[in-house]
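Here is a short report on one structure. Look at the sequence and the model first, then read on.

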Amino acid sequence: MSYAIEMRNIRKEFPGIVANDDVTLQVKEGEIHALFGENGAGKSTLMNVLFGLYQPDAGEIYVKGQKVNISDPNDANRLGIGMVHQHFMLIDNFTVAENIILGSEPTRGMALDMDKAVKIVRDLSDRYGLDVDPLKKVEDITIGMQQRVEILKILYRGSNILIFDEPTAVLTPIEIKELIEIMKRLVKEGKSIILITHKLKEIFEACDRCTVIRLGKVIGTVDISDTNPSKLADMMVGRKVNIPVNDSPYAPKEKVLEIKDLTVLDSRKVPAVRKLDLEVHGGEILGIAGVDGNGQTELIEAIAGLRKVHEGQILLNGEDITRLKTRKIIEAGLGYIPEDRHKHGLVLDFTVGENMVLQTYYKKPFAHAGVLQNKVISKKAKQLIKEFDVRTPGEKTLARSLSGGNQQKVVIAREVDRSPKLLIAAQPTRGLDIGAIEFIHNKLLEEKKKGKAVLLVSFELDEILHLSDRIAVIYEGRIIDIVNPKETNENQLGLLMAGRKEAGRQA
Amino acid sequence: MSKLLTSGKYFHILVPLISVVLGLMVGAIIMLAAGYNPILAYQSIVESVFLQPYYTGETIRAMIPLVLAGLSVAFAFRTGLFNIGVEGQLLAGWFVSVATAIFFGHLPKVVLLPLSILAGGIAGGVWGIIPGFLKARFKVHEVISTIMMNYIALYTTNYLIKHYLYTQGERTPNIPDNASLASPMLANLTQGSRLHWGFIVAIIAGLLMWFILWKTTRGYELRAVGFSPGASRYAGINVERNIVLSMAFSGMFAGLAGTMEGLGTYQYMMINASFIGIGFNGIAVALLGLNTVVGVFLSGALFSALQTGGLTMQSDAGVPVDLINIVIALIIFFVGSSYVIKWVLNRLAKRGEKN
Ligand SMILES: Nc1ncnc2c1ncn2[C@@H]1O[C@H](COP(=O)(O)OP(=O)(O)OP(=O)(O)O)[C@@H](O)[C@H]1O
Ligand SMILES: [Mg+2]
């Protein structure tokens with residue numbers, strides 16, 4: 001039998017690192033094939049090779065048994081290979097239909113036939129149950145729908161082999177369910193899918209087989225029906241994984257963060273946080289649960305001095321920081337792992353070393369009289385790279401060229417190492433592999449044990465339930481309830497997050 | 001070889017090198033088509049610049065303001081700003097340095113010369129701070145505001161000269177010797193060229209830029225803000241202040257470029273009917289020099305050599321000097337379209353890998 005895709009003995013090197021080493025991947029027709037591996041294992045690299053974005057240093061690619069040469073994405077398209085990238089490539093103020101046909105527009109005579117385009121898109125959308133309105137502008141639709149537009153785009157080009165690189169990292173739980181449904185429908189229609197994800201749950205729900213990669217090498221390919229989640233996780237990391245739970249006793253100390261009657265406006269000058277009260281103590285992890293867009297971002301930004309406080313007061317260790325500048329707040333003891341590591345967590349074009357001192361570069365011992373002490377910075381960076389197991393050729397490497405998970409480790413290393421009194425962690429494990437999640441959860445728990453206050457914001461209810469000592473549910477800018485994780489469940493949290501306090505109390 | 005092309009350090013250096021070669025080649029083709037001998041033309045440039053002291057001196061002399069203008073553009077660019085206002089900052093620096101020199105002419109040289117240079121640099125810096133402030137405070141794009149500042153500088157300096165410092169010949173009086181950078185020794189050495197001590201100022205400026213950007217906490221902030229205002233803000237860096245500061249430094253380098261013309265080359269300032277162009281050439285110098293200090297010196301040298309040597313080309317090879325301006329324009333064009341060159345290189349490299 002010939003495979004839909006067969007990549008044989010692929011090798012791809014980057015300066016200082018072998019990203020793919022003798023990798024062989026065989027994808028059967030009509031299957032969903034998972035690609036599973038640690039951050040920086042080389043999954044995206046392998047897929048970029050298949051999609052013609054990178055040229056392999058060695059190895060061969062076969063499509064339906066035919067040896068092929070893929071020198072750019074156009075070649076890939078011609079061979080029926082399509083890719084949904086993690087960062088969408090849509091034009092915001094074009095309509096859905098315009099985005100989809102861009103590059104191969106249907107014409108009548110010389111003119112663009114927009115009616116026909118709309119009809120094609122609508123038919124495709126119906127056929128695969130994608131539920132996309134071709135006439136809407138991309139800027140007006142949700143992230144989940146934008147992703148479906150990306151899928152339509154490759155279906156429109158007639159692709160049979162669909163690559164999804166971490167499609168679920170940006171989706172809500174409901175959107176993830178929908179996406180899995182869609183993928184299942186696609187393979188029923190004869191498409192083959194390669195899915196990269198860090199979430200075992202998704203692999204076991206959606207996939208037929210799974211290839212595990214570690215440090216650029218293939219560890220093995222398994223049938224999902226023959227394995228179980230913990231086996232697969234161990235296989236990927238190469239040791240036993242224990243996602244830690246918060247089992248140290250809950251012994252809150254002094255108030256570290258105190259928020260009184262806080263009102264914060266969003267960018268449109270509408271209150272996003274409304275008269276919110278909250279306290280976080282030393283020695284506790286307070287989890288904030290809530291549906292995206294209920295004021296979480298504005299709340300954190302207000303604490304960090306990045307957004308103006310409209311009304312109310314914020315105290316850090318008893319000191320009023322309501323009107324202080326970000327730098328002063330950081331100096332007063334704030335650590336912050338921002339949600340968007342690319343935009344806010346890292347200067348991507350700085351080296352790893354430079355990024356490690358982003359808040360401390362001006363202080364001793366990293367600077368003397370305004371002059372940077374590059375040797376000291378290098379030494380510190382090397383130490384953190386080792387301590388936090390950041391996979392990088394060295395501290396002189398640009399942050400941009402690290403894999404997503406390792407970029408996050410740089411941010412976490414920097415923030416935790418400063419040992420702040422209050423650590424805000426916003427989506428700290430988004431896009432991270434299980435090993436890295438274990439590591440980061442351990443770090444957060446250590447901070448708790450050290451008596452620091454941790455404010456955790458996450459859309460992953462698992463994570464909130466696992467780590468928190470108390471869970472504050474935010475809804476429309478208010479904390480509508482604070483619950484004990486030991487006495488609650490996903491169901492109750494779900495109701496509370498939807499603003500149904502009474503129902504939530506009874507559940 | 002193909003790996004060498006696309007990977008790592010050498011790749012980005014290739015683009016300007018190829019641009020220069022392409023510029024010279026296409027220039028040669030145009031000369032051929034117009035019935036001139038390009039080999040003779042280029043030969044006369046090289047011979048004059050390297051073998052005739054006068055032209056060597058004049059080349060270095062032309063380099064001084066060009067390099068400073070290039071440093072100005074590169075500094076702003078390193079911090080994420082596009083300073084089109086070098087021309088105006090240069091004029092401001094030129095005027096203020098000359099005015100200071102004339103006004104305080106009674107002071108001894110050890111005081112007056114540094115004072116005039118400083119005044120010129122500060123004037124350029126102030127001219128840069130204004131658009132910097134407008135950007136930081138009101139989000140006015142610096143490209144627009146610096147272009148407007150150029151016109152304000154042009155007409156203001158003309159007005160001030162006309163009304164307060166006018167002398168025959170549509171210019172200011174000469175500056176006193178006490179404030180001059182000119183040097184009979186350097187002139188003698190180069191058979192009467194206008195080479196002056198300003199080259200030392202340019203070298204110091206280059207070292208200063210390198211030191212500030214790469215060795216100081218201030219430079220760290222400036223670069224961080226240039227690369228990622230978002231991450232900088234989250235790290236507690238004052239983005240607005242660094243934008244203003246960056247424009248101040250950039251403007252200072254531009255102001256010094258003008259100062260060099262005032263205290264060095266000309267010893268006065270003339271009324272300018274239109275822009276003198278050094279500021280705009282500085283953009284090309286910075287681009288070709290990849291916004292690095294060494295690169296700016298190299299590309300500044302190249303442009304100056306072509307311009308100065310172009311004069312002998314006319315007499316020695318009978319090729320009109322306009323043609324050398326075409327060559328310069330071509331090089332700028334190719335650098336500007338570096339995207340195309342990169343694309344071609346990538347294709348070549350890929351082809352190489354396959355075979
Ligand atoms: N363009 C590049 N230049 C240099 N190194 C790179 C480049 N792209 C990837 N790498 C390196 O190659 C390795 C594999 O990266 P890749 O992005 O394929 O990992 P990944 O498995 O997709 O990880 P993640 O799950 O974190 O996305 C990493 O060590 C990364 O730093
Ligand atoms: Mg990846």
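Domain bounds here come from an automatic or database domain assignment. The shell around ligand 1 takes at least three residues from each of domain 1 (5–237) and domain 2 (255–497) of chain A.

This is a predicted model: local features need pLDDT of at least 70, side-chain atom pairs count only at pLDDT 80 or more, and totals for chains, interfaces and linings use all residues. Side-chain values use heavy atoms, with hydrogens and water left out; residues are numbered from 1 along each chain as its sequence is written, while chains are lettered from A and ligands numbered from 1 in the order in which they are written.

**The ligand**

How many residues surround ligand 1? There are 19 (a residue is near if one of its heavy atoms lies within 4 Å). A:Gly40 and A:Ser401 are among the closest.

| Residue | Part of residue | Distance |
|---|---|---|
| A:Asn39 | side chain | 2.9 Å |
| A:Gly42 | backbone | 2.9 Å |
| A:Ser401 | backbone | 2.8 Å |

The protein covers 83% of the 640 Å² of accessible area that ligand 1 has on its own (Shrake-Rupley method, 1.4 Å probe).

**The interface**

Chain A puts 33 residues in contact with 24 residues of chain B (heavy atoms within 4.5 Å). About 2,500 Å² is buried between the two chains (accessible area lost on being put together, 1.4 Å probe, summed over both). Carbon and sulfur atoms give 59% of that area. In chain A, A:Phe350, A:Tyr361 and A:Leu372 lose the most area to chain B. Together they make up 21% of what that side buries.

How values were computed
Polar contact = N/O pair within 3.5 Å; in protein donor to acceptor, adjacent residues only side chain to side chain.
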